Each structure stands twice: as C-alpha cells, then as structure tokens.
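User: I have a structure to go through with you. Could we take it piece by piece?

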2 protein chains.
Amino acid sequence: MVNEEEMIVTPWEVRGKIDYEKLIREFGTQPLTDELMERMKKDFGDLHLQLRRRLFFSHRDFDLILDRFEKGQGFVLYTGRGPSGPVHIGHLVPWIFTKYLQEKFHTNLYFQMTDDEKFVIEDEMALDETTRWGYENALDLIALGFKPENTNIIFDVKDIGHLYDLALKVAKKVTYSTAKAVFGFQDSTNIGWIFWPAIQAVPCFIHAKLTGENVPVLIPAAIDQDPYWRITRDVAQKLGYHKPAQIHCRFVPGLGKGGKMSASEPETCIFTTDTPEQVKRKIWNAFTGGKPTVKEQRKTGGDPYICTVFQYFLYLFEEDDEKIAQLDEDCRTGGVVCGDCKALLTERVNRFLKDHQKKREDARKDVQKFYLKA
Amino acid sequence: MVNEEEMIVTPWEVRGKIDYEKLIREFGTQPLTDELMERMKKDFGDLHLQLRRRLFFSHRDFDLILDRFEKGQGFVLYTGRGPSGPVHIGHLVPWIFTKYLQEKFHTNLYFQMTDDEKFVIEDEMALDETTRWGYENALDLIALGFKPENTNIIFDVKDIGHLYDLALKVAKKVTYSTAKAVFGFQDSTNIGWIFWPAIQAVPCFIHAKLTGENVPVLIPAAIDQDPYWRITRDVAQKLGYHKPAQIHCRFVPGLGKGGKMSASEPETCIFTTDTPEQVKRKIWNAFTGGKPTVKEQRKTGGDPYICTVFQYFLYLFEEDDEKIAQLDEDCRTGGVVCGDCKALLTERVNRFLKDHQKKREDARKDVQKFYLKA
C-alpha cells in the first residue's frame, strides 16, 4: 500500500502531495531564480503569468538558451503530448506557455504526438485509437493560435520514416541497465515500451537533421517528463548534437484533492470538449479551501492555497495580478465564499471553451498544414 | 574459456562442432522426414539438391504449407539478410533454395534487409554503412535471377513507415522477460537490440497488411535464426495472423575447420566479389579430409565428410548425384587427392562468380524494381 500522501512522480504517474523543492533536489535540476526572471523580463518585455506566478519553477540549461537568444544564436522549441484521450485544461497550460515562448523567441516548434508510446504503455488501447486521439488532440493545439509556418506536429507513427534513424542512433547508446534505472522497467515491461525513450529523444535532434542547423532545443514541459531527456542529455554530445535544455512546470491540479489533473478521473478535470453543463457540474463539485458552512467561512475565511478553483484563476483565468491578490485576500477574510468563486470560474471557463471549441473545429481543415516539414 | 568443440548456436553466433540432431531437440523443431521429401517430389516434380542432400533438415509447420499448396491455398515466402559486409557463397545457399521454392510454389517473396539490426548489434558499424551494405547485398540477391514482379526487398530503415505499426503490435505482446530468455539479453544490451525482434517479426504479417490476403509465410533460413520466429509464432494468432512456418538449413561450412562460413574470418569464405586469384588462394588453403602427404593419401584415401571442399561440391557445385557418389568413393580410395579437388572447385567457383559478378553489376539499375510494393 502506498501512503496516500507519498509523492510518486514518473513520466506515467503523478500521485500524492507534491514537494517541488524536493523534486528539484531529486531530479537534479536548477531552480528558476529571480535573476533568470529578471533576464526574461528584460529580454521579453513582459513576464507571462505562468512565470510571474511561478508555475514554471525549474530548468536545465535555460540560462544557456537565454545566452543564445541574447547573442542572436538559434535554437528551437520542443514539447509534446501522449494522445490517449481528450485534452483537458491542464494539458493546455504548458502549450499556452510554449506559444508565449515561441512568440518571444521567434523560433520553430516541434510538437511530438506520441501515439506509439500510448499504444505500448496502455494495455487496453488499440493503435488506431491512439493515432486517432493524436489527430483530435492536434486540433486543441492548433486552436491555441500556433502558426503552421513555424510549427511542426510530429505524429510518431505517420512520421516514423523521419524519426527511425535517429532513434536507432540514440537506442544504440542506451543500455537496458540505464533505461531500467531511469524508468523503473521490469521483466514484465514490453520491449516496445523499453525502446520508446529513444523515440522521445528524436525531436531534440530532428531540426538539426532536417535543416542542417545544429542548434539546441528548449523543452517546456511538466517536470515528470524530465527522465526522458536526462537520457537524451547523456547521449546528445556523443551523437554530435547539443544537449536539450528544459524549463519545467508544476502539475496543474485536478478539481479533486491532490495530484495533477488526470484524464483517468474525468470528473476532476475539464475537457476542452465539455459542454457548459458539464463544466458547471465539475466546478460545482470541486475541492476548495472553504469551510463546511457559508456562515463559518464568512466568519473565519478560506484557504486559497489548497483551493483548486483559486489555482485555475491563478494559472489560467485571471491575468490581472491585483485582482488575484484581492481574491486571495477576500477568500482569507471571508469576503468571498466558494459559491462566488465557482460561479465566476464557470463563467470564465465556459467563455474560453466556447471560443476554443469553435477554433478547434475550424482547425480540422488545417491539420495538414502543421505536418512535419521534411 | 569455451571448449573449442562446444556447440554455440544463437542468431548472432555459431561456433564449435554442430550436432544437428541435438539442435532439433533443443530448438523443438521437426525433422524433415522421408515422407515430406516424397510429398515434395510429387508436388514439385523434382527435388532440389539441397533437399536430396539434406542440407535442409528441419522445419516448423512445413507440412501445413504443403497442405495449403496441394489445396491451392495461398502463402508467401520470407527470408532475409543482415547486411554488415559483402555476401559470401554461404549466404547464397538458402537464397538459391528460396528461388527454387518460389518457382515451384509460384508465390511472392518478402526479403528483409536488416540494416537496422546490424547497426544496433555491431559496435563499430555506422548506420549509413549497414544501409549501404544492404543495397550492395541486394545486388547479389537480384543476380540469382529473382523477378521484380513477385519479389519485395524490404530495406528496414527505408521502409520503416510500412513496418512500424506491426512492429509496435508485436512488441506490445513481448515482455523483456521473454526476450531475455529467448535471446540471452543482458543489462548491458542496448534498447535498440532489445526492440529489434519485433521488427524481424513484421515480414511474417506484411503481406496480409498490404494486400488484405491473410495467408501464412514460409521462411527458409539457417536454423540459428529460429529463435526470432519462435517469438513471432507465440504472438501471431493474438494479432489475428497465421504462425510463420519454417524450413531450416544447416550452416554451410567455411573453408577453415569447424563452424559456419563467417565473414569475420575472410580467408575462410569466398565472397561474391572475390577475384579469381583470391578464390584460388582461399581454396588452396582450405581445410580438407586429406592426408599429410599425397603418397599417404593415394594409399589410404581421404575423408570427404570432414572436407570443406567436398561440401562445396555437395551443396552447390556438383548437381549430378552420380558424380558426387563417384567423388566420394574416389576420395576414400585415394583415386583423387586434394590438389585435384581444389583445382576443380576453383574452376567451378570462378566460372560461377564470373557470371554472377556480371549479373550483379547489371542489377544496379534494377534495384528499385525490387522495392517493397506498398
């Protein structure tokens, strides 16, 4: 039995109460310091709310990427998605940030849709299902406003012809022993899953292969994906490429208590295809920092720091820092109660989704424009 | 230290004195019985010398393939080559037999050129080298007279787009535990090699995938490759396909003492690109069943059964059974000595190679006609 509060963070599972300081120590990454924040503010002219509010909190070699940016040297962005179901709002968070970075850095994005991974990992999923989800999920990405001219969506199974040679070169340098240590593979793990980390490494080098520009990638992603690129960092230079840099975000909490938003608990996450009624119901049932009764809460206040509704305002739905500070204060002092916040969040989410769902449908005709340019 | 005579047979290594009866028991295959020989003679009208002389000696489900043939039901052929260097005459033996089977069965052949395998297995080989050897080796196959309309050469790296989905489906059903037990993988094995058995399984199902005709394959190959398809046989039906059938040949001995012909000992094997002088020298230095002096051999005779030169007549260069019987007798009684046989074999090999080398060069313009039809 795993203690309910024990922290489990692997690329496939995030559970328990997350201690981000401890993750930085255990994963051996660097904190995103005030100094780096200042540099970004200077370089970018502003700071995205996900930076201001420390959703992004850790990195590897992000300072070297800023060096390159400041010197006018090239690099590209890489992130991705394991398509095993519909996209929820938690998935959009690093994608929104990636779009911000792309606009500030004026650079290409490689987005990997890992239908092969989800097939070998998920017992019950068929390959045509994960592939289909890949195309569905791509609509959500495109709906965020990415531009086809500098965005390449890699669909692993479709694009394997461009990936396989690099994957073999990575795979040859990774022993089972290393893969086992990093990912916890066991004798019962299938050989497709064991090979797969080599495929996840490929987008780190694909720009160099396809264009001849041997530049590093910067990967914005949740910190649970770090182990993949730890292996990539080990082999990159042996293959004549740069080590990938990373900038890591926290997990966006689900509407339930603890852990990250997970599609395996559908009532705790808002899918981009949810109806207004579904959104209302899910938010209404959300875990908050409120008190058992309105009367008590008016008197003693709530705790926004454990409230999932507050975190949605913080990370996505309230851009204005003063309003966030006011909401924080009002919650603590009983000036607002949970019903107020839930109603406001429902309105904001539904307004966002109405627009997103329209753009998402419009994107169906554009998917091919985002195919890997090779 | 491995005893010089200890038998080692894996897909990557064949060493020591080979006991074929023991291989049938250990691998759990079936002997190619007199009854099957009779059926083939009836079905084919004749028996290839490699059958008459029992170079092919073992099988899995070959009787079911004959059943299908006799009932007019379809099946296809599949064999292949790991391209890590030039082709030698030992490699041609099962290919010549495959061509005979193809002509008798009037069926398609899928030939897998495993540039990916050789790259992940051979420490010192670059991927572009194994790929280049794949195209060079294809010339030898084509030179034997295969026809482009019913022969598909699969170049793994080039064709991975057609192979990957099936490989993933196989890989998902093979645990590391199984792969380790069958192939002897260790912690130091790289993850590309561990995945690779899934790629070798794919040509068993590719005809079904590409054409919709769900028919079995028959694989003519040396028995050391059996473990790959043992795994394939385990997963085939779970994926909705037929188990692959096999017909196994012995190893064609090198010109040195013991083991199979191996490109890693170049002086003991005749490459298809060797010059007449190289052929002469290698045959002149061959291990035979002769005596230390001509005088002694004239008096007490030699032993054709340990003689590598005799085996070349037996398996490739003397079609006439009466002449083989005569040579056998003459050797045993001292009627011919090693110099006679070496001179005759040199002449036959060089005559064959002169023709083969011309056809091999002519094949350069035809390789694309043999590409996988997909």
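Analyst: Strands here are DSSP runs of E of at least two residues, helices runs of H or I of at least four, both numbered from the N terminus.

User: What kind of model is this, and how are residues and chains labelled?

Analyst: This is a predicted model, in which local features need pLDDT of at least 70, side-chain atom pairs count only at pLDDT 80 or more, and totals for chains, interfaces and linings use all residues. Residues are numbered from 1 along each chain as its sequence is written, while chains are lettered from A and ligands numbered from 1 in the order in which they are written.

User: Why is strand 6 of chain A largely enclosed?

Analyst: Five of the five residues of strand 6 (residues 109–113) of chain A are buried, so the rest of the structure largely encloses it.

User: Which strands does strand 6 of chain A pair with?

Analyst: It pairs in the parallel sense with strand 5 (residues 76–81) of chain A over five bridges, and five bridges also join it, again parallel, to strand 7 (residues 151–155) of chain A. Pairing requires at least two DSSP bridges between the strands. A:Tyr110 is the bridge partner of A:Tyr78, and A:Ile154 is that of A:Gln112.

User: What is the order of the strands in the sheet?

Analyst: The open sheet has seven strands in the order 3-4-9-8-5-6-7 (chain A), with mixed pairing. Strand 3 (30–31) and strand 7 of chain A are at the edges with a single partner strand each, so one side of each has no neighbour in the sheet.

User: Changing topic: how many residues does each chain give to the contact between chains A and B?

Analyst: Chain A gives 28 residues and chain B gives 28 residues, contact meaning C-beta atoms, placed from the backbone, within 7 Å.

User: Which helix gives the largest share on the side of chain A?

Analyst: Helix 8 of chain A does, with nine residues. The side of chain A that touches chain B divides into 16 nonpolar, seven polar and five charged residues. Here Ala, Val, Leu, Ile, Met, Phe, Trp, Tyr, Cys and Pro count as nonpolar, Asp, Glu, Lys and Arg as charged, and the others, Gly among them, as polar.

Conventions. Buried ≥ 20, exposed ≤ 12 C-beta atoms within 10 Å, placed from the backbone. Contact = placed C-beta atoms within 7 Å.
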